[in-house]
Amino acid sequence: FECHGAELQKGDLRLDRLADLRREELLVPGSADDSELVRRISLPRDDREIMPARGEPLSPDQIATIRDWIAQGARLPEKLDDTKHWAY
């Protein structure tokens, strides 16, 4: 949430609210292949659109976990205030 949370929204993207995750097909519950988030986290390290933009890219296991979560419906609470429960 450092780059896409309540205080800063790089690229006009906010990841701490469910409505914003569903905006512009960033997250398509039930369809990881149609979710922009999956495309971005799966890009090669040197691609300018990769997420996260700084630091290490997500591992294949982390990407698989996100893909599975999206494929299973991407259930989240309406408000994601408590980021301490998110694994990085």
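Let's start with Glu36, which is partly exposed at 23% relative accessibility (buried means under 20% relative accessible area, exposed over 50%, partly exposed in between, using a 1.4 Å probe and protein chains only). Before going on, a word about what you're looking at: this is a predicted model, where local features need pLDDT of at least 70, side-chain atom pairs count only at pLDDT 80 or more, and totals for chains, interfaces and linings use all residues. Residues are numbered from 1 along each chain as its sequence is written, and side-chain values use heavy atoms, with hydrogens and water left out.

So who does Glu36 pair up with? Glu36 belongs to a network of salt bridges together with Arg39, Arg40 and Glu49 (a salt bridge is a side-chain nitrogen of Lys or Arg within 4 Å of a carboxyl oxygen of Asp or Glu). Side chains of opposite charge can pair when their charged atoms come close. Arg39 and Glu36 have their closest N and O atoms 2.7 Å apart, and these two sit three residues apart in helix α2, about one helical turn. Arg40 also bridges to Glu36, at 3.0 Å from N to O; here the spacing is four residues in helix α2, again about one helical turn. Both arginines are partly exposed, Arg39 at 34% and Arg40 at 23%.

Now move along to another pair, Arg45 and Glu56, whose side chains meet in a salt bridge at 2.7 Å, N to O. This pair links distant parts of the chain: both residues lie in the loop between α2 and α3, 11 residues apart. Arg45 is exposed at 56%, and Glu56 is exposed at 58%. Across the whole structure, a search finds five salt bridges.

Let's step back to the overall layout. The protein chain has three helices and zero strands, in the order α-α-α (helices are DSSP runs of H or I, at least four residues, and strands are runs of E, at least two, numbered from the N terminus). Helix α3 covers residues 60-71, and its 12 residues reach 16 Å from first C-alpha to last, close to the 16 Å expected at 1.5 Å a residue (the expected span is 1.5 Å times one less than the number of residues). Just after α3 comes Gly73, with a positive phi of about 115 degrees.

What lies 9.8 Å from Gly73, C-alpha to C-alpha? That's Leu27, 46 residues away in sequence. Leu27 is in the loop between α1 (18-22) and α2 (36-41), and it counts as buried because its relative accessibility is 2%. Buried residues make up 28% of the 88 residues in the protein chain.
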